[in-house]
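I opened my notebook to go through this chain piece by piece. I wrote down each thing I looked up.

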Amino acid sequence: MKNNNKTNTETTKIVHTDVDIMGTIYEMTDDYCKNDDYGGETRLFTKEIHLRPKDEIVEVKDATPIEKELGFNQTFRHEIVHAFFFECGMTEYCMDETLVEFLASTAPKLFAIFKKHNLL
Ligand SMILES: [Zn+2]
């Protein structure tokens, strides 16, 4: 997976990361602030993932750095799952927020089991 993390620290500190979704590159940027109800969005046709910046993604006032990291990672996984289903041609699943969130939440646990039993 190509991963060219770039951080523009001179001006806006926006993070850009290329995410390879089954051979299709999505550009993730942490510039999302369009809708207060969501932590991010995936633009399927332009291959873009927009996330709230890590410092703003958890809406708890006194969120710890660990909570912010976990919240950012959960949202990033969620948007990747949307893109994954879309690139698989599973557009109905792609639009199923419950399924997408279920996979985004449980995938680390499933992969931990796979890893423990040398199944990856
Ligand atoms: Zn979603």
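How many bridges join β3 to β5, and do they run parallel or antiparallel? I found 3 bridges, and the two strands run parallel. One of the bridges pairs Met 28 with Ile 49 in β5.

**Entry: the model itself**

I noted that this is a predicted model. I looked up the confidence next. The average pLDDT of the chain is 88. I saw that 88% of the residues score at least 70. Residues 1-11 stay under 50. For that stretch the model has 14 contacts beyond four places in sequence.

**Entry: the layout**

I counted 3 helices and 5 strands in the chain. From the N terminus the order is β-β-β-β-β-α-α-α. The chain has 120 residues, and 22% of them are buried. I also checked contacts between residues at least 6 apart in sequence. Of these, 27% join residues at least 24 apart.

**Entry: the hairpin**

I went to β2, residues 15-21. β2 pairs with β3 in the antiparallel sense, over 6 bridges. Here Thr 17 has Met 28 of β3 as its bridge partner.

β2 and β3 form a hairpin with 2 residues between them. Met 22 sits in that turn and has a positive phi of about 55°. I marked this, since most residues other than glycine have a negative phi. Met 22 is not a glycine. Is Met 22 buried or exposed? I found 9 C-beta neighbours inside 10 Å, so Met 22 counts as exposed.

I looked at α1, residues 65-88. α1 has 24 residues and reaches 34 Å from its first C-alpha to its last. That is close to the 34 Å expected. I listed its buried residues, among them Phe 72, Thr 75, Phe 76, Ile 80, Ala 83 and Phe 84. The buried residues of α1 pack against β2, β3, β4, β5, α2 and α3. Just after α1, Gly 89 takes a positive phi of about 85°.

**Entry: the core**

Which residues touch the most other members of the largest nonpolar core? I found Leu 51, Ile 80, Ala 83 and Phe 84, in a core of 18 residues. β3, β5 and α1 each supply at least two residues of this core. α1 gives the most, with 8 residues.

I then followed Leu 51. Leaving aside neighbours within four places in sequence, its contacts include Met 28, Tyr 32, Phe 72, Thr 75 and Phe 76. Phe 72, Thr 75 and Phe 76 are also on my list of buried residues in α1.

**Entry: the last helix**

I ended with α3, residues 97-116. α3 has 20 residues and reaches 29 Å, close to the 28 Å expected. I found a bend of about 45° at Thr 106. A proline, Pro 108, follows within four residues. Does α3 lie largely buried or largely in the open? Of its 20 residues the number buried is 1, so α3 lies largely in the open.

Just after α3 comes Asn 118, with a positive phi of about 55°. Asn 118 is a residue other than glycine. I counted 6 C-beta neighbours inside 10 Å, so Asn 118 counts as exposed.

Definitions and conventions:
Residues are numbered from 1 along each chain as its sequence is written. This is a predicted model: local features need pLDDT of at least 70, side-chain atom pairs count only at pLDDT 80 or more; totals for chains, interfaces and linings use all residues. The expected span of a helix is 1.5 Å times one less than its number of residues. The bend at a residue is the angle between axes fitted to the seven residues ending there and the seven starting there. A residue is buried if 20 or more other C-beta atoms lie within 10 Å of its own, exposed if 12 or fewer, and partly exposed in between; C-beta atoms are placed from the backbone. A nonpolar core is a set of buried Ala, Val, Leu, Ile, Met, Phe, Trp, Tyr and Cys residues joined through C-beta atoms within 7 Å. Two residues are in contact if their C-beta atoms, placed from the backbone, lie within 7 Å. pLDDT is the predictor's confidence in each residue, from 0 to 100. Two strands pair if DSSP finds at least two bridges between them.
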